Amino acid sequence: MDATAKRAPRPLGLLAELTHRCPLGCPYCSNPLALETRTDELDTATWTQVFRQAAALGVLQTHLSGGEPAARRDLVEITRAAHDAGLYTNLITSAVGITKETFARLSDAGLDHVQISIQDNEPGTADHIAGYKGAYKRKAALAAEVTRLGIPLTVNAVMHRANIDHVGEMVALALALGAKRVEIAHVQYYGWALKNRAQLMPTREQVDRAVRAVEALRLRHHGQIVIDAVVPDYYARFPKACVGGWGRRSLNVTPSGKVLPCHAAESIPELTFWNVREHALADIWDNSPAFLAFRGTDWMQEPCRSCPRATQDFGGCRCQAFALTGDARATDPVCHLSPHHALVGELAEIRADAAYVYRR
C-alpha cells in the first residue's frame, strides 16, 4: 500500500449538508437522487459534536450547505456551534428564506463568509433556471445585507449553455453586489444534472469564448475581485483531482450523518458509508471503507497507475468515471488518455432544446 493511503493528511474542510430541503428546482442540482428526509436530519446537539470533532481532526473551515440551510430553524444555533468550535464558517445559500433579521442573528453568531448562487445576470432568466419566481430579487437583497454588515461575499455562477455567454455580465453583477470573489462553476454532469445534460451542455465555441472572456476579465479586474474558473470537464484535456484527491483534503456530512469523501459519492453503489451517530469523525476519516476505497494510488488501473500525473489528479472524478463507464476504478473519461475518452466527445455533441426537468 502506498504511503498516501497509509497515513492520510488531515482534512482542511468540512461540507455540512444540514438539509436536503430546498425551495429551488435547479436542473443541475448536485444533491443525490434519493434525498434524505427532515425526520432523518441530525439535531443541533449532534452537529455541535461533529464540529468539535472536526476541529480536533484538523479541519479549519466548514461550509454550511444543503439543500437550503435556511430551511433549518436552528441555523443560527448551528452557526454559533461551528464558530465556537473554532471553525471558519461559510454559508452556502440560495438566499431564499433568509430575512434581514435572521441574517443579523447569523452575523452575531459568528458567520464569517457567505456564498450566494445566482443563476444569471438577467432576473427573468435567473428565476427560470432556478425554477422559482422572485429568486433573483431575494438573492440581490441578501447580498446587499451581507456587504452592509461587512461580511465577505462570493457569488457562485453555475454556467451552462443558457448563460455561459454571460460570463462578463456575471462578473459585473458580482462587482455591483460587492462580492470579493466570483466562482464560474460549470455544471458537473452526474446525479440530477444527467437528466438535463442535453439541455445544459454548452458548445465548444461557447466554452472557448468563455475561457477567453475569463482571461480578459481577470486582467481588467485584477485587485478588485478574484475570478475562479476552470474548463468544464467535457471539454478538458486532463481531469481535475476529485476534491483534491479522494479522502485527502475534505469530507462531507449528509443531513442524516453519513460521512462521504465527496458530495456525490453515494452515486457509487459499491461504497458503504459510516455515520457520525455510530463512529467518531476521526475513526471515519482514517478507517471508513468508503474513504479507503480510492485514497492514494493503489486502486488505480492503467493508464493512471503509471502516469506521471497519478498524484496530481488522482485519476480524476470517481463518480464521473462510474457514471460514464460503470467502473468507479476506471480512468476519468475526461482524460484524453482514457480508453473511453471518445464517449465524452460524443456526449458533448448531444444537445436538445427541450424544457428542463426541474428538481422538485
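1. Rings of Phe, Tyr and Trp (for Trp, the six-membered ring) are taken as a pair if their centres lie within 6.5 Å, with planes under 30 degrees apart counted as stacked, over 60 as edge-to-face and the rest as tilted. On that basis W246, F294 and W299 form one aromatic cluster, and a search of the whole structure finds six aromatic pairs.

2. The model is a predicted one, in which local features need pLDDT of at least 70 and side-chain atom pairs count only at pLDDT 80 or more, while totals for chains, interfaces and linings use all residues. Residues are numbered from 1 along each chain as its sequence is written, and side-chain values use heavy atoms, with hydrogens and water left out.

3. W246 and F294 make an edge-to-face pair, at 5.1 Å centre to centre and with 85 degrees between the planes. This pair links distant parts of the chain, 48 residues apart, since W246 lies in the loop between β7 (226-229) and β8 (250-253) and F294 in the loop between α11 (289-293) and α12 (310-313); helices (H or I, at least four residues) and strands (E, at least two) are DSSP runs, numbered from the N terminus. W246 counts as buried because its relative accessibility is 3%, where buried means under 20% relative accessible area, exposed over 50% and partly exposed in between (1.4 Å probe, protein chains only); F294, at 1%, is buried as well.

4. The pair of W285 and F291 is tilted, because the ring centres are 5.4 Å apart and the planes stand at 55 degrees. W285 is buried at 0% relative accessibility, and F291 is buried with a relative accessible area of 0%.

5. Leaving aside neighbours within four places in sequence, Y234 is in contact (heavy atoms within 4.5 Å) with residues including Y189, R197, M201 and Q320.
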